[in-house]
Amino acid sequence: MARTGFYPGSFDPVTYGHLDIIARAARLVDKLVLGVGVHHGKQALIDAETRINLLENVIRPIAEHTGVKITVATFDGLAVDAARRHHAGLIIRGLRDASDFDYEVQMGQMNGAMAPDIETVFLAASPATRMIASSLVKQIAKMGGDITLFIPKEAQDVMAAALKRL
Ligand code: ADP
């Protein structure tokens, strides 16, 4: 049976850290669904449709290289409900540091209590991309800093357009 993974996040914007997790998760599953969170009350810099289009563009090389079908969908409720809707048996999360560990493991355990049939798999961030956080990329970009090391070119263009609109 095909194994499907669900990787939820804000992806506001997608970073090289996310792409590292996506490429590595693609080795574990036959199908990967990227869940773009569009929760009410969580104000994103980039609108959901643009985040989806951007993700679809930047994941294409990974999908072609690995042969894994990678799709993108929004979700606005519980990750376990969205994972189940997509017939995913795995939820993928990335761990950068101790604060990610504390938060992510607790959330994984609560998700596990709600949905024992869905396993959360934690991938430790790779050394080269471990420090990257979307929230810091946004702060740096707003202050005119160079974000080319942290996010792909397509995301830089989207960020520039979103910041212009602010
Ligand atoms: P959220 O709003 O859920 O934190 P993010 O898009 O920032 O959304 O993160 C989604 C997932 O990706 C989380 O599991 C987070 O730990 C992971 N992640 C984010 N940045 C990195 C990175 N640089 N390396 C590894 N994992 C990361």
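Student: What should I know before I start?

Tutor: The model is predicted: local features need pLDDT of at least 70, side-chain atom pairs count only at pLDDT 80 or more, and totals for chains, interfaces and linings use all residues. Residues are numbered from 1 along each chain as its sequence is written, and side-chain values use heavy atoms, with hydrogens and water left out.

Student: Which residues make the contact of H1 with H2?

Tutor: H1 gives Leu19, Ile22 and Ala23, and H2 gives Val58, Ile59 and Ile62. Contact means heavy atoms within 4.5 Å. By class, six residues are nonpolar, none polar and none charged. Ala, Val, Leu, Ile, Met, Phe, Trp, Tyr, Cys and Pro count as nonpolar, Asp, Glu, Lys and Arg as charged, and the others, Gly among them, as polar.

Student: Where does H2 kink?

Tutor: At Ile59, by about 40°, shortly before the proline Pro61. The bend at a residue is the angle between axes fitted to the seven residues ending there and the seven starting there.

Student: What do the buried residues of H2 pack against?

Tutor: They pack against H1, strand S2 (31-37), strand S3 (69-75) and helix H6 (153-165). Among the buried residues are Leu54, Leu55 and Val58. Buried means under 20% relative accessible area, exposed over 50%, partly exposed in between (1.4 Å probe, protein chains only).

Student: How do I read phi and the peptide bond?

Tutor: Most residues other than glycine have a negative phi, and most peptide bonds are trans. Phe11 has a positive phi, near 50°. Phe11 lies in the loop between S1 and H1. That loop also holds Pro13. The peptide bond from Asp12 to Pro13 is cis, with omega near 5°.

Student: Is Phe11 buried or exposed?

Tutor: Phe11 counts as buried because its relative accessibility is 2%.

Student: Where is His87 placed?

Tutor: His87 sits in the loop between helix H3 (79-85) and strand S4 (90-95). Its phi is positive, near 60°. His87 counts as exposed because its relative accessibility is 68%.

Key
Helices (H or I, at least four residues) and strands (E, at least two) are DSSP runs, numbered from the N terminus.
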